[in-house]
Amino acid sequence: MIDSSRSAQRAVIPFLRTEWEHASQIYRRTKEVYGEQCLARCTIYRWCQRYEAGRVNIKDLPEAHVVTNNATISAVYELIRENRRITIREIAGELLISKGTVHHIIHKSLGYGKVCAQWVPKHLSENQKIARMGVCLTQQFLH
């Protein structure tokens with residue numbers, strides 16, 4: 001029985017690259033050997049590019065963890081309070097942090113979403129709910 005795991009198939013790719021096989025040939029050969037368990041064509045192409053770029057490890061790289069602290073969250077919150085139309089890129093440039101970290105803070109920590117190019121809380125406060133209910137109950141809303 002052949003080991004058809006992803007890592008086993010990834011190990012075959014650099015071997016075949018040393019024999020100057022093109023990515024399409026590598027896909028064809030792995031498809032013959034692994035059949036339905038074969039990696040997708042685009043995955044094989046991507047791994048060929050990674051090996052050509054100098055990658056030697058066949059394992060997936062660990063995903064980056066977003067590290068935030070209360071000071072950074074507060075700084076992002078203040079920037080949004082000052083200008084509701086500020087972009088993630090502008091916040092990242094202002095605070096010198098990555099766009100991914102800013103995105104995480106805005107959406108996960110602060111619970112904001114973008115509506116009509118403005119950052120707004122995803123959940124309404126009790127006062128906002130009462131105000132909306134009052135508008136809905138008036139006849140003016142229906143005309």
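This is a predicted model: local features need pLDDT of at least 70, side-chain atom pairs count only at pLDDT 80 or more; totals for chains, interfaces and linings use all residues.

Residues are numbered from 1 along each chain as its sequence is written, and side-chain values use heavy atoms, with hydrogens and water left out.

Me: How many salt bridges does a search of the whole structure find?
Reply: A salt bridge is a side-chain nitrogen of Lys or Arg within 4 Å of a carboxyl oxygen of Asp or Glu. With that criterion, the search of the whole structure gives a total of 5.

Me: How many residues apart are glutamate 52 and arginine 17?
Reply: These two side chains form a salt bridge, with the closest N and O atoms 2.5 Å apart. Helices are DSSP runs of H or I with at least four residues, numbered from the N terminus. Glutamate 52 is in helix H3 (residues 41-52) and arginine 17 in helix H1 (residues 6-18), so the pair links distant parts of the chain, and the separation is 35 residues.

Me: Is glutamate 52 buried or exposed?
Reply: Buried means under 20% relative accessible area, exposed over 50%, and partly exposed in between (1.4 Å probe, protein chains only). Arginine 17, at 21%, is therefore partly exposed. Glutamate 52 has 52% relative accessibility and so counts as exposed.

Me: Which residues does the network of salt bridges that share partners join?
Reply: Glutamate 19 forms a salt bridge with arginine 29, at 3.9 Å between the closest N and O atoms. Glutamate 19 lies in the loop between H1 and helix H2 (23-34) and arginine 29 in helix H2, so the pair ties together parts 10 residues apart in sequence. Both are partly exposed, glutamate 19 at 42% and arginine 29 at 30%. Through shared partners, one network joins Glu19, Glu21 and Arg29.

Me: What separates glutamate 126 and lysine 129 in helix H7?
Reply: Their side chains meet in a salt bridge of 3.6 Å, N to O. Glutamate 126 is exposed at 53%, whereas lysine 129 is partly exposed at 42%. Because they are 3 residues apart in helix H7 (residues 126-137), the separation is about one helical turn.

Me: Which side chain does a polar contact of 2.8 Å join to threonine 101?
Reply: Threonine 101 lies in helix H6 (residues 99-109) and is buried, with a relative accessible area of 14%. A polar contact is a pair of N or O atoms within 3.5 Å; within protein, one must be able to donate a hydrogen and the other to accept it, and residues adjacent in sequence count only if both atoms are side-chain atoms. The partner at 2.8 Å is the side chain of serine 98.

Terms used
Helices (H or I, at least four residues) and strands (E, at least two) are DSSP runs, numbered from the N terminus.
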